[in-house]
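Work through the exercises below with the sequence and the model side by side. Try each task before reading its solution.

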Amino acid sequence: MPLRLLRAATLSLVLTVASAGRPALTQGQAPPLTYAQLRSAPFPNELVASAGADRIAWALNDNGRRNIWTAEAPTFVPRALTRYAIDDGQELTSVQLSSSGAHAVYVRGGDHGSNWDDAQPVNPLGMPMPPKVQIWSIATTGGDPVLLGDGEAPVLSPKGDVVVFERERQLWSVPVDGSAPAQRLFTMRGNNGAAVWSPDGSRIAFVSNRGDHAFIGVYTNATTPIQWMAPSTSRDAMPRWSPDGTRLVFMRRPGAGGAPAPMLIAQPQPWALFTADVATGVATQLWSAPKTLRGSPPSTEGGVNLHWAARNRIVFLSYADGWPHLYSISATGGEALLLTPGDGMAEYITLTPDGTALLFCANMGRTPGDIDRRHVMRVPVDAATQEVLTPGTGLEWTPVMTGRGTIAWLSATAQRPPLVAVRTGTAAAARLLGEEQIASYPTRELVTPTSVSFTSGDGLTVYGQLFLPPTGTAKQAAIVYVHGGPPRQMLAGWHYSDYYAAAYASNQYLASKGYIVLALNYRLGIGYGYEFHRPPNAGAAGASEYLDVKAAGEWLKARPDVDGARIGIYGGSYGGYLVALALGRNSNLFAAGVDIHGVHDMTAPGSGAGRALAAAMASGQFEPTDRAEAAKVAWTSSPVASVSTWTSPVLLIHGDDDRNVQFTETTDLVQRLAKQGVRHEEIVIVDDTHHWMRFANSLRVYEATAEYFDRVLRGVPARVGRTR
């Protein structure tokens, strides 16, 4: 073909694609956004502060190049400590700073957001010899990282000279500078971990998990026997030292066993706080949670969030009044004081270095719509006088305080990606660090999502954020995004989780392409109170949350700007489960879907309900239970039970080293869809996990999602060279 004809044909194809997806460019118009542009900003997490110096540190994922950064007073100019230069999928976690600020310690490798095998190597780059999961130390003045050993869960001593960590179900110690090899501290039965140093650094409290029971132990040295704190058949956890190092407070739950509980009826989970004399091991009950569903241990971030604070106060989190709120009680007993009243939740809770106050983030504030945001808050440990430190329409999370009083947190808006922020005085304005790293980011091209609510099929109010395209008046294709978890909440701006920040960028990308996108916050999610978080007949007990998904599709269909015949749905993990349920039950409403590592069979051993059923069947107990009925309900709550009515096309995406959802969930569904004749495509990411440890794989997943909707909902031709 002559060159001029080839150019004409190419131009014709470009114009066809543009007209089917978004309008063709006119002179002076900016080129369309790409998903890679929206993910180009480095993502900070693991923010920590030094207890004795004015220094902070954090991990930064810059397009897959993960490194440790630090900043110190007075300038707080960010600088990289490590120089990892490739996108190899090795996460950086457990970041800590020594009390003097002289050393940073971190874990490199593994997948510490997984449900199993979190400390096993991850090798999505396909290296012939996979990387190890290892603990490293680096001087904050500079130099090369020092390998401290294979392991995880490092804990720096109060002096900052020794690191205790977990390896092979035991505790080990190593000098922070790596000047001597790591040594095993002891050999005990069970899985030993959750180490906590005493304030003077002379002893270590830890948890010895023995399966159906767990003990709190105290290690002193190689010649002193382990001191056990009131050992019993209970499961003890979360040891916390008193400031003077003479006592411990810990959480106690009943041990496993007893008559099998009904599986379809939620049961209260009792728990209590005990204090123990370290010298004798004698413990007494300090406080007991209400024996109600709300009184059960909270399942939000940090769980009970136990602290022994200053002024002899014990601080903890409870759902007892319907919200995850902070309480404190005197270490000598008495009534628990509610510290954070109001309709909102507290999470990412830290104690200030002097122990007199708590810093946390919450979806409370003075700005309308704050229930869909996060703000940094502070409250004394002995008074219900909480204050919002970061009011407004931004989002702020993971606050920390240095030993010199500087407060740092992560800050974002609906448009600006997250940056580290610091405030060096009580009246000083916050300062953003690293703004030069996002100087070329297309901030102005992002839309501000609108918080919306509507009524589900059974009358429940559900929530979400609506992303409207920047232009367009004709009826548009629309997409429902369904988060995973399910205890998660999508926000009216950048998310504090990198997994959901990728989804937020995807929703922005789809909106930029002309789609109307609804990010749905369905029941089972957090942020809207206990009854929303723990609804009846949900999940494997009836999938009542699907009513919210269906209502979201119907709500979009009723909008005058939506083409009701072109509504898609996508989501990952539990969101993938709900995508598959939507396509199986209501292909008449949802025209196409992208199911990313979803659960498809609630009776399978890999799912939570399936594990419970398998455990019940394997227990050998002959006492009558409802497990047969529970298995039936779990099956009817599964997408595989609705394949016979599934007609809409679907793209299935899964990594085959997934440690949260078994890869077999997708291999099984593919066979069922093929037999039914359902049009489906698949993308398998070799050796990556649930969290797309390689940045390139995350880009591939969400770019493929948008391309799939373009092809199926809009008829846009596939990119040249794409394999299916």
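The model is predicted, so local features need pLDDT of at least 70 and side-chain atom pairs count only at pLDDT 80 or more, while totals for chains, interfaces and linings use all residues. Residues are numbered from 1 along each chain as its sequence is written, and side-chain values use heavy atoms, with hydrogens and water left out.

**Exercise 1.** Find which residues have the most contacts inside the largest nonpolar core.

Solution. Begin with the term: a nonpolar core is a set of buried Ala, Val, Leu, Ile, Met, Phe, Trp, Tyr and Cys residues joined through side-chain atoms within 4.5 Å, where buried means under 20% relative accessible area with a 1.4 Å probe and protein chains only. The largest such core holds 70 residues, and I56, W58 and Y570 have the most contacts inside it. Next, look for the element that gives the most to this core, which is helix α3 (residues 498–512), with 10 residues; helices are DSSP runs of H or I of at least four residues, strands are runs of E of at least two, and both are numbered from the N terminus. Finally, note that a second, separate core has 48 residues, including V462, V549, V562 and V650.

**Exercise 2.** Determine what lines the largest cavity, and of what kind the lining residues are.

Solution. A cavity is a set of points, on a 1 Å grid over the protein atoms alone, where a 1.4 Å probe fits but cannot get out, and lining residues have an atom within 4 Å of a point. The largest cavity contains about 70 Å³ of space, and its lining includes P42, W58, W69, V420 and Q437. Both β2 (55–62) and β31 (419–423) supply at least two lining residues each. Sorting this lining by kind gives 10 nonpolar residues, 2 polar and no charged.

Key: Buried < 20%, exposed > 50% of the residue type's maximum accessible area, 1.4 Å probe, protein only. 1 Å grid on protein atoms, 1.4 Å probe; cavity = no way out; pocket = protein on both sides within 12 Å on 5 of 7 lines; lining within 4 Å. Points joined across faces, edges and corners; volume = space filled by probe spheres on them. Nonpolar A, V, L, I, M, F, W, Y, C, P; charged D, E, K, R; others polar.
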